[in-house]
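Colleague: I'd like a close look at one part of this model, and I'm happy to hear it in some detail. Here is what I have on screen.

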Amino acid sequence: MLAALAAEIVIAANLPAASEMTWFSKFSILSMTFAFVSLIESVTVLYFYNKRCEDCVPVWYSFTKNWYLVKKAKNSSDEVKKRGTVMVAKTTNFVMETTSTAADALHNTTDSLATRVKDAAKRRSN
């Protein structure tokens with residue numbers, strides 16, 4: 001393949017310049033495209049043949065995938081935090097209202113119980 005590429009470069013240098021597309025320029029473009037695709041194929045085959053990992057996923061793809069998943073999880077966690085903060089605030093308000101209502105009810109019950117005890121003590125003493 002390298003010899004074919006070198007021969008094409010030498011022949012293309014000896015041809016006169018033309019303003020239109022000749023059959024040789026079309027053949028040259030097709031030949032260069034085939035050489036490029038063959039080179040990419042060779043590099044890919046050698047990469048996967050010499051890779052000695054459990055999975056054959058390229059590092060750049062794993063990095064990009066993990067980066068995207070982390071970014072998506074972070075955005076989701078921000079939404080969960082916002083929703084959770086609102087939920088916690090509502091729950092806190094509910095608990096505070098319930099606690100204050102219960103404390104008032106207990107205070108009222110304690111006061112009424114204390115007045116009943118005092119009244120009963122007064123009646124006994126009379």
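This is a predicted model: local features need pLDDT of at least 70, side-chain atom pairs count only at pLDDT 80 or more; totals for chains, interfaces and linings use all residues.

Is the crossing of H1 and H2 left-handed or right-handed? Please walk me through that helix pair and the residues in it.

Modeller: The crossing of H1 and H2 is left-handed. As for who touches whom, H1 brings Leu 5, Glu 8, Ile 11 and Ala 12 to the contact, and H2 brings Phe 24, Ser 28, Ser 31 and Met 32. Sorted by class, that contact has five nonpolar, two polar and one charged residues.

Now the geometry. H1 covers residues 2–14 and H2 covers residues 23–50, and their axes come within 11 Å, crossing at roughly 150 degrees. Anything over 145 degrees counts as roughly antiparallel, so that is how H1 and H2 run relative to each other.

Let's stay with H2 for a moment. This helix has 28 residues, and from its first C-alpha to its last it reaches 40 Å, close to the 40 Å expected at 1.5 Å a residue. Its buried residues are Phe 24, Ser 28, Ala 35 and Ser 38, and H1 is included in what covers them.

If you set aside the neighbours within four places in sequence, Met 32 is in contact with Leu 5 and Glu 8. Leu 5 sits 27 residues away from Met 32 along the chain, yet their C-alpha atoms are separated by 7.5 Å.

To put the pair in its setting, the chain has three helices and zero strands, giving the pattern α-α-α when read along the sequence. Over the whole chain of 126 residues, 6% count as buried.

Technical notes:
Residues are numbered from 1 along each chain as its sequence is written. Side-chain values use heavy atoms; hydrogens and water are left out. Axes are lines fitted to C-alpha atoms, for helices over the stretch in contact, and angles run from 0 to 180 degrees between N-to-C directions. Helices (H or I, at least four residues) and strands (E, at least two) are DSSP runs, numbered from the N terminus. Angles under 35 degrees count as roughly parallel, over 145 as roughly antiparallel, 65 to 115 as roughly perpendicular and the rest as oblique. A crossing is left-handed if the near helix is turned anticlockwise from the far one by less than a right angle, and right-handed if clockwise. Contact means heavy atoms within 4.5 Å. Ala, Val, Leu, Ile, Met, Phe, Trp, Tyr, Cys and Pro count as nonpolar, Asp, Glu, Lys and Arg as charged, and the others, Gly among them, as polar. The expected span of a helix is 1.5 Å times one less than its number of residues. Buried means under 20% relative accessible area, exposed over 50%, partly exposed in between (1.4 Å probe, protein chains only).
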